[in-house]
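Morning, everyone. I'll take the contacts one at a time. Please have a look at the structure first.

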Amino acid sequence: MKKILALLLAMTVLLTVSAGALAADSSLSGTLSILSWYNETLSAPVIEGFKAKYPNVTVDYTYAPPVADYVEKLSTLLYTGTAPDVFYMALENREALTVGGYCMDLSGESYMQDGTIPDAVKSMYPNCAAVDCWVGGLFYNKDIFAACGITEEPKTWDEFLTVCQTLQDNGYVPLLDNCQDAAVNFVAPLFGAETLSKDPDFTAKVFAGEAKFVDGWTKPYEMLKELVDKGYLNADMVGISGDDVVVQFATEQVAMIISGSWNCGTIDQINPELNYEVMGIPGTEHVYYCGCINVGPCVNANAKNPEVAKAFIEYCVSPEGLEAQYGAYGGFTVAKGFTPELRKEVVDAVAAVQAGEFHIPMSEWISYTESLRLTFLAGIQDVLVGACTPQEAAARLDAKLAEVSAQ
Amino acid sequence: MKKGRILRQMQYEVFLLPAILAFTAFTVIPLLKTLVYSFTDFDGVLHTYNFVGLRNYFAVFRDDVMKQALFNTLFYTFFVVLLINVISVPLAVCLDKNQRVKTLERAIFFFPSVVSALLLGYIWSYILSPLKTGALNSILGSLFGIKPIGFTSGGWIAKFSIIAVAVWANTGWHTMVNIAYLQAIDPTYYEAAAIDGATRFDQFRFITIPLLAPALTVNTLLLLTNGLKVYDLPYALTKGGPGYSNYTVTQIIIQRGISERQYGVSTALAAIFILLVMIIAVIQYTTMSKREVDA
């Protein structure tokens with residue numbers, strides 16, 4: 001009897017070890033260095049998943065907060081030849097990474113050829129495994145809306161102003177905008193609703209010298225100013241951070257904020273009972289959202305450990321890697337192999353973004369992205385505090401483009 | 001004889017070698033490279049560049065944001081130097097008194113200068129948050145019914161908020177320098193003055209202040225150089241905003257160079273700024289050193 005038990009035990013151990021060996025890959029070893037703009041806590045599911053698959057690989061993870069700090073750090077590391085094996089390509093640095101030849105050519109990899117990465121993504125982020133998207137828009141507190149008798153989401157600018165007035169009349173702070181983020185704010189989607197919806201090639205024309213920024217951006221800035229003039233937005237909010245905005249919303253101090261899907265987890269942590277949803281920003285006729293394909297990992301052209309780095313990218317585009325990234329960063333995925341179950345709060349927003357009803361300026365500002373982004377942000381803040389007119393803020397974009405093009 | 005003296009002298013000079021090497025590697029060479037880049041169209045991406053003459057220097061003087069940053073930096077430096085010197089001297093006199101808890105008092109005033117300016121900036125940004133839930137606004141609101149004040153969101157009020165935090169953080173450190181010099185003053189001067197009928201204020205004015213002149217020279221020089229290159233505290237508190245209203249020279253140099261990849265323009269500004277700092281520091285040091293001799 002004892003012999004049979006010992007035999008059964010030995011077989012069980014053997015089977016367990018074999019199963020583990022099938023899932024894990026011991027052929028790769030060494031240290032993989034990564035620089036990301038997602039912090040270590042957020043990226044934990046991805047890193048843990050990769051380490052489980054490659055147990056002999058050690059990950060040296062470095063974080064730099066987005067956007068300017070990350071871009072500055074990576075630029076310095078790349079130029080001095082000390083960049084990590086894997087880093088993330090963002091809209092703000094894709095031109096520099098491409099021009100500088102800093103990313104390894106991944107065009108021959110199977111996931112680039114078999115349709116796992118869609119063609120639209122490959123043209124936006126060359127040699128990069130950008131697989132997930134984020135959505136953003138007006139996060140609104142459904143309970144506060146109901147308490148004020150607001151039963152429908154506003155579909156036009158006038159309806160939106162009425163909603164703000166109703167909230168204010170009922171003693172609520174209607175809105176908070178994030179004035180530190182060029183991707184998630186009022187002006188960007190309003191540009192989509194007011195300008196791009198009528199002329200999808202507007203920005204291309206500006207870069208070709210056939211149009212001026214001031215012609216397409218003045219109206220969105222004016223609409224922002226209208227919110228300030230009517231008292232729905234407060235000029236003092238230029239002094240608060242994006243985190244403050246989310247906390248104010250999660251603690252029900254404000255009825256609506258502009259934010260992105262990556263903040264859903266934070267809201268859950270602060271107030272899991274919060275009843276909210278994400279809607280688009282209504283323009284005079286069209287409703288637009290914020291959103292874009294997220295940053296994606298690339299392999300350093302001079303990686304110290306290129307095989308491990310490529311294995312990391314391969315893991316990221318695998319079904320388990322896609323699931324891990326969805327768990328870590330939220331949003332939705334554009335790569336084949338994994339279909340996430342979306343949070344109910346963002347279902348409509350995702351559908352709208354997939355239908356192309358979104359705008360993020362940096363996706364169109366292919367050249368001089370950082371210069372224009374910083375000018376755009378300064379314009380939002382100055383319009384809010386009344387330091388410049390909407391037209392002046394829009395004209396600054398033209399002046400900046402002329403200045404940097406001449407350099 | 002002469003050769004022997006030179007050799008004897010050389011053995012001391014050898015000790016300076018590591019410091020000279022470090023200074024050359026980390027200061028002189030980067031400074032020279034900065035000057036070279038200021039005459040080029042270097043973009044920080046490609047390792048090649050072209051010489052463009054004085055184009056970048058002309059661009060600096062045409063750039064309104066750079067002019068604004070220069071004004072902000074000088075404004076910050078002027079008030080920080082003035083306020084810290086004005087506060088730290090009487091504070092040093094108070095803390096120099098033989099009280100039982102003087103060590104604790106000195107530690108309390110010194111503590112803010114131990115913490116990094118960036119960390120202090122983030123902590124103070126929560127205290128000075130313009131929201132009604134911000135620490136200071138909620139206190140003011142509950143005690144006096146005052147509406148929330150935009151301590152970090154208004155152009156001018158944000159400037160003074162930055163200066164207030166800088167003064168709070170650095171006064172203790174400079175007070176300690178003053179205390180060190182105060183303790184070197186011979187007490188017999190005060191005894192003689194007291195016998196001659198001098199009041200406490202007379203003693204402070206005619207003995208303490210003149211004999212503290214070397215401390216004031218050191219403090220002013222340090223405050224001036226640190227103030228002119230300030231970056232972390234204004235950035236952490238306001239990110240330079242609203243708009244460009246609180247940008248400093250260092251911030252615009254970093255932004256234009258690294259973020260916007262206009263290294264030529266940013267290094268041209270850096271070169272101009274280095275020259276300006278040198279001129280200010282030399283004038284300040286010469287003027288104040290003369291006061292020391294006179295005293």
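In this predicted model, 14 residues of domain 1 of chain A are in contact with 17 residues of domain 2 of chain A. Contact here means C-beta atoms, placed from the backbone, within 7 Å. The side of domain 1 of chain A that touches domain 2 of chain A has 7 nonpolar, 2 polar and 5 charged residues. Nonpolar covers Ala, Val, Leu, Ile, Met, Phe, Trp, Tyr, Cys and Pro; charged covers Asp, Glu, Lys and Arg; the others, Gly among them, are polar.

Where are the domain bounds? Domain 1 of chain A is 26–133 + 293–345, and domain 2 is 138–290 + 347–406. Those bounds come from an automatic or database domain assignment. The C-alpha centres of the two domains of chain A lie 28 Å apart.

Next, the chains. Chain B puts 29 residues into the contact, and chain A puts in 29 residues. On the side of chain B that touches chain A, helix H13 (residues 249–259) of chain B gives the most, with 4 residues. Helices are DSSP runs of H or I, at least four residues, numbered from the N terminus. That side of chain B splits into 10 nonpolar, 15 polar and 4 charged.

Last, the ground rules. Residues count from 1 along each chain as its sequence is written, and chains are lettered from A and ligands numbered from 1 in the order in which they are written. Because the model is predicted, local features need pLDDT of at least 70 and side-chain atom pairs count only at pLDDT 80 or more, while totals for chains, interfaces and linings use all residues.

Definitions and conventions:
Two residues are in contact if their C-beta atoms, placed from the backbone, lie within 7 Å. Helices (H or I, at least four residues) and strands (E, at least two) are DSSP runs, numbered from the N terminus.
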